[in-house]
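Please take a moment with the sequence and the model before reading on, and keep both in view while following the text.

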Amino acid sequence: MDVRIEKSEPSEAERAAVDSILGAEVSSRSPEAGAAGAHVVFGGHASRERRHLLLPVLHAIQGRAGWLSRAALDYVARRLELPPAEIFGVASFYHWFSLDERPPVVAHVCDDVTCRVRGAEKLCERLSAELGPEGKPCLDGRATWHRSPCLGQCERPPAALVVSSGQRPVSFALTSVAEPRPLVLALRKAAVARTAG
């Protein structure tokens, strides 16, 4: 990722997600910024005090848009006054975030040790046969599935988590998923609900 902020603008959904955490953007020329026409500079302690909001902002974008676009990351860099490379480093480090556009409904299938021992590999093979390869759009382009590290459901393996992005993101866990059918039905139901809503 380039270390400069591009001129690209985030989508309305991405902007709304960021603003839901940071509040509305205040222009240096707006009355809220001070005297008419005054130029306001933020930085130093004020910027460092807001760095802890980076992960909540990235989660908000992911929940609303389903992925983190370059324009959204640049908007976060401008709003938090952090280097774009730092934002990208955090976003690319966590498995949960996607830097590539994908369908709004995603099934995360745990293939970590406990789930693997209890049949996650076979589940993934059967999902691939029924829905297509991991990461490829399925169900008319409205959903996809991915292997995932631990989902925290080790007492009821194998586990999956279905996430539907949008104005009101929804996620729900499926546990003891031995067959792909319940997961496919959950994906289909979430995709239909997102289309209807």
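The paragraphs below go through the strands, the salt bridges, the aromatic rings and two further helix residues.

This is a predicted model, in which local features need pLDDT of at least 70 and side-chain atom pairs count only at pLDDT 80 or more, while totals for chains, interfaces and linings use all residues. Residues are numbered from 1 along each chain as its sequence is written, and side-chain values use heavy atoms, with hydrogens and water left out.

A place to begin is the pairing of strands, where helices (H or I, at least four residues) and strands (E, at least two) are DSSP runs numbered from the N terminus. Strand 3 (residues 160-164) and strand 4 (residues 170-174) run antiparallel and are joined by five bridges; two strands count as paired if DSSP finds at least two bridges between them. Within this pair, Ala160 stands opposite Leu174 in strand 4. The hairpin of strand 3 and strand 4 has five residues between the strands, and in this hairpin Gly166 takes a positive phi near 150 degrees.

Is His108 buried or exposed? With a relative accessible area of 2%, His108 is buried, where buried means under 20% relative accessible area, exposed means over 50% and partly exposed lies in between (1.4 Å probe, protein chains only).

The next topic is charge. Side chains of opposite charge can pair when their charged atoms come close. The structure holds 14 salt bridges, each being a side-chain nitrogen of Lys or Arg within 4 Å of a carboxyl oxygen of Asp or Glu. One of them brings together the side chains of Glu9 and Arg78, at 3.7 Å from N to O. This pair links distant parts of the chain, since Glu9 is in the segment before helix 1 (12-22) and Arg78 is in helix 4 (residues 70-80), 69 residues apart. Glu9 is partly exposed at 48% relative accessibility, and Arg78 is partly exposed as well, with a relative accessible area of 27%.

Arg70 counts as partly exposed at 29% relative accessibility, whereas Asp74 is buried, with a relative accessible area of 0%.

Another salt bridge joins the side chains of Asp111 and Arg147 (3.2 Å, N to O). Here too distant parts of the chain are linked, with Asp111 in the loop between strand 1 and helix 6 (113-117) and Arg147 in strand 2 (residues 143-148), 36 residues apart. Asp111 counts as buried at 17% relative accessibility, while Arg147 is partly exposed at 22%. Through salt bridges that share partners, Asp111, Arg116, Glu121, Glu134 and Arg147 belong to one network.

Two members of that network, Glu134 and Arg147, lead on to Cys124, which has its place in helix 7 (residues 120-131). Cys124 is buried, with a relative accessible area of 1%, and touches Val109, Trp145 and Arg147 when residues up to four places away in sequence are not counted. Cys124 and Glu134 are ten residues apart in sequence, and their C-alpha atoms are 8.3 Å apart in space.

The aromatic rings form another group. The structure holds two aromatic pairs, where rings of Phe, Tyr and Trp (its six-membered ring) pair if their centres lie within 6.5 Å, and planes under 30 degrees apart count as stacked, over 60 as edge-to-face and the rest as tilted. Phe93 and Tyr94 form an edge-to-face pair, 5.1 Å centre to centre with 90 degrees between the planes. Tyr94 and Phe97 are likewise edge-to-face, at 6.1 Å and 85 degrees. Phe93, Tyr94 and Phe97 form one aromatic cluster, in which Phe93 is exposed at 65% relative accessibility, Tyr94 is partly exposed at 36% and Phe97 is buried at 7%.

Finally, Arg188 is found in helix 8 (residues 180-196) and is partly exposed, with a relative accessible area of 35%. The C-alpha atoms of Arg188 and Leu139 are separated by 7.0 Å, although the two residues are 49 residues apart along the chain.

Definitions and conventions:
Contact = heavy atoms within 4.5 Å.
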